[in-house]
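Work through the exercises below with the model in view. Try each task before you read its solution.

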Amino acid sequence: LHLVEAAVRDGVGRVMHAGSANAYAPTAVPPDENAPLFPGSRGYYLGSKILQEIYAAECCRTSGMMLQTLRLGSVYGPGQHGGALAAMVRA
């Protein structure tokens, strides 16, 4: 929240926000950027991610700054050894 406020204050033109693909409400079809959001699991974490999006969107809207939110799924990085994606990478 402080980062978005600082970007507005300093006149940054665009903010890229990393969200979570798990924030989408469960549906039978793949979601798109207009799909409803709902933290169906891990409520506190996903709820906080959705609130970050709402806050950033409102802050950017009222200041005229562009916001781009990426709702990432299956993120994998160095040092990650557990989980389904790690098992697929090892295979």
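**Exercise 1.** At what angle do helix α1 and helix α2 pack, and how far apart are their axes?

*Solution.* Step 1: locate the helices, which are DSSP runs of H or I with at least four residues, numbered from the N terminus. In this predicted model, α1 covers residues 2–9 and α2 covers residues 43–63. Step 2: take the axes, lines fitted to C-alpha atoms over the stretch in contact, with angles from 0 to 180 degrees between N-to-C directions. The angle is about 10 degrees, and the axes lie 10 Å apart. Step 3: α1 is therefore roughly parallel to α2, a label for angles under 35 degrees.

The numbering starts from 1 along each chain as its sequence is written. Local features need pLDDT of at least 70, side-chain atom pairs count only at pLDDT 80 or more, totals for chains, interfaces and linings use all residues, and side-chain values use heavy atoms, without hydrogens and water.

**Exercise 2.** Which residues of α1 and α2 meet?

*Solution.* Step 1: apply the contact cut-off, heavy atoms within 4.5 Å. Step 2: list both sides. V4, E5 and V8 come from α1; Y55, A56, C59, C60 and S63 come from α2.

**Exercise 3.** How many helices and strands does the protein chain have, and in what order do the elements run?

*Solution.* Step 1: count three helices and two strands; a strand is an E run of at least two residues. Step 2: read from the N terminus: α-β-α-β-α.

**Exercise 4.** What box do the C-alpha atoms fill?

*Solution.* Along the principal axes, the box is roughly 45 × 30 × 20 Å.

Methods: Parallel < 35°, antiparallel > 145°, perpendicular 65-115°, else oblique.
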